[in-house]
Amino acid sequence: MKRARAVELVEAMLHRLNDGQDWPLNLVRQVWLFGSFARGAEQPHDVDVAVRFERDERMTQVVVQALLSGRGNPYAPLRRALAGTSRGLQFQFDDSTRQQLEAEGTTMLPLWRQGASLTDALSALHAIAEEPTAGRAERHDMIAAFDGLDRHIPRPVRAELIDWQQQELITISRITLPDAPRDTDLLTTPDMRWAFRRWNQDSPLRRAALAGLTHLQRLEVEFDDVELSGQRLPTPRRRCAGHRSEPRWWINWKWQHYRSIPYCVTSADGWLEVVQPTRMRPLNALVIQPGPKADTFRT
């Protein structure tokens, strides 16, 4: 977007903060700018904003409910209060992630803090000089499979995955998962329908789970050998015959237990990591499988 439009978006956010006596704006304590806009880019892709806020009981309940239901961004109420319906602002609400970015050399430009005047905040915004040569910052720990997804893959995770791939313990590729068809046979048994009751019908996690299983089904993977988000599937063979075996495929998201990837994959078939499950947008996934030297991992 043009820089003038980006400035308008930040100005509007500052006016909301200045008027923000109601929840959840009254929780905000400090705001920083970072990324290409803060460096003066003439046409930033978006405006990166870091926010520190107080987590009161109400916000804690909202976050917990969002995480349990799998419904999108747990900080959506705060994002809407800050940005309205605008889509050009990208927020970072997690303190540890902001601190990690700073430790990696990202400059955080102080913009606003609770008690500051609107005039001072606007002055800080308008003091950012245009820099024609400013572009996107160098991205560290990147490979082609991460391109466009790196915002949703923490840098320490990227570093470890790349290290395992360089050791040839794993291979990493990227796919777009197919949605399960409306007439899918995945939920025909009562046991499978029960297994999916942990997610609401419109949950992005439910969509990701069905899409992941649809992909493995097309690969003719035996569902007896699949672990879905930490749970084995209740297939007839496992339920009725007491079938016991170690998983050979894992379907996960949000990088849960990612450090177990080499332990799992090097003696099995693969790990399917759904990156940023969503209700409507394409479902991107990383397919992590044994590399040429997988056998050496346990020797």
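## Residues with positive phi

His 257 counts as exposed, because its relative accessibility is 62% and the cut-off for that class is over 50%. The structure discussed here is a predicted model. His 257 is found in the loop between β8 and α10 (261-265). Its phi is near 55 degrees, a positive value in a residue other than glycine.

Glu 168 likewise is not a glycine and has a positive phi, of about 65 degrees. Glu 168 belongs to the loop between α6 (155-166) and β5 (170-177). With a relative accessible area of 32%, Glu 168 is partly exposed.

## The four-stranded sheet

An open sheet is formed by four strands in the order β3-β2-β1-β4, with mixed pairing. From one strand to the next, the twist averages 30 degrees.

In general, the strands of a sheet pair through backbone hydrogen bonds, in either a parallel or an antiparallel sense. Here, β2 and β3 are parallel and share four bridges; within this part of the sheet, Val 47 has Leu 89 in β3 as its bridge partner. Strand β1 (residues 28-34) pairs with β4 in the antiparallel sense, also over four bridges, and Gln 30 stands opposite Arg 113 in β4.

## Helices on the sheet

Helix α1 (residues 3-19) lies across β1, β2 (47-53), β3 and β4, and runs at about 35 degrees to β4. Helix α4 (residues 95-103) also packs on the sheet, where it touches β1, β2 and β3. The direction of α4 makes about 125 degrees with that of β2.

The loop between α1 and β1 contains Pro 24. The peptide bond from Trp 23 to Pro 24 is cis, with omega near 5 degrees.

Asn 252 lies in strand β8 (residues 249-253) and counts as buried, because its relative accessibility is 5%. Apart from neighbours within four places in sequence, Asn 252 contacts Ser 229 and Gly 230, together with Trp 271, Leu 272, Glu 273 and Val 274.

## Aromatic pairs and charges over rings

The model has eight aromatic pairs. In one of them, the ring centres of Trp 199 and Trp 253 are 5.8 Å apart and the planes meet at 65 degrees, so the pair is edge-to-face. Trp 199 lies in the loop between α7 (190-195) and α8 (204-218), whereas Trp 253 lies in strand β8, so the pair ties together parts that are 54 residues apart in sequence. Both tryptophans, Trp 199 and Trp 253, are buried. Tyr 263 and Phe 297 are also edge-to-face, because their planes stand at 80 degrees, with ring centres 5.1 Å apart. This pair links helix α10, which holds Tyr 263, to the segment after β10 (283-290), which holds Phe 297, across 34 residues. Tyr 263 is partly exposed at 49% relative accessibility, and Phe 297 is partly exposed at 25%.

Phe 53, Tyr 75, Phe 91 and Phe 93 form one aromatic cluster. Charged groups also sit over rings: the charged end of Arg 3 is 4.2 Å from the centre of the Phe 37 ring, and that of Arg 58 is 3.8 Å from the centre of the Trp 23 ring.

How values were computed:
Residues are numbered from 1 along each chain as its sequence is written. This is a predicted model: local features need pLDDT of at least 70, side-chain atom pairs count only at pLDDT 80 or more; totals for chains, interfaces and linings use all residues. Side-chain values use heavy atoms; hydrogens and water are left out. Helices (H or I, at least four residues) and strands (E, at least two) are DSSP runs, numbered from the N terminus. Buried means under 20% relative accessible area, exposed over 50%, partly exposed in between (1.4 Å probe, protein chains only). Contact means heavy atoms within 4.5 Å. Two strands pair if DSSP finds at least two bridges between them. Axes are lines fitted to C-alpha atoms, for helices over the stretch in contact, and angles run from 0 to 180 degrees between N-to-C directions. Rings of Phe, Tyr and Trp (its six-membered ring) pair if their centres lie within 6.5 Å; planes under 30 degrees apart count as stacked, over 60 as edge-to-face and the rest as tilted. A charge sits over a ring if NZ of Lys or CZ of Arg is within 6 Å of the ring centre and within 35 degrees of the ring normal.
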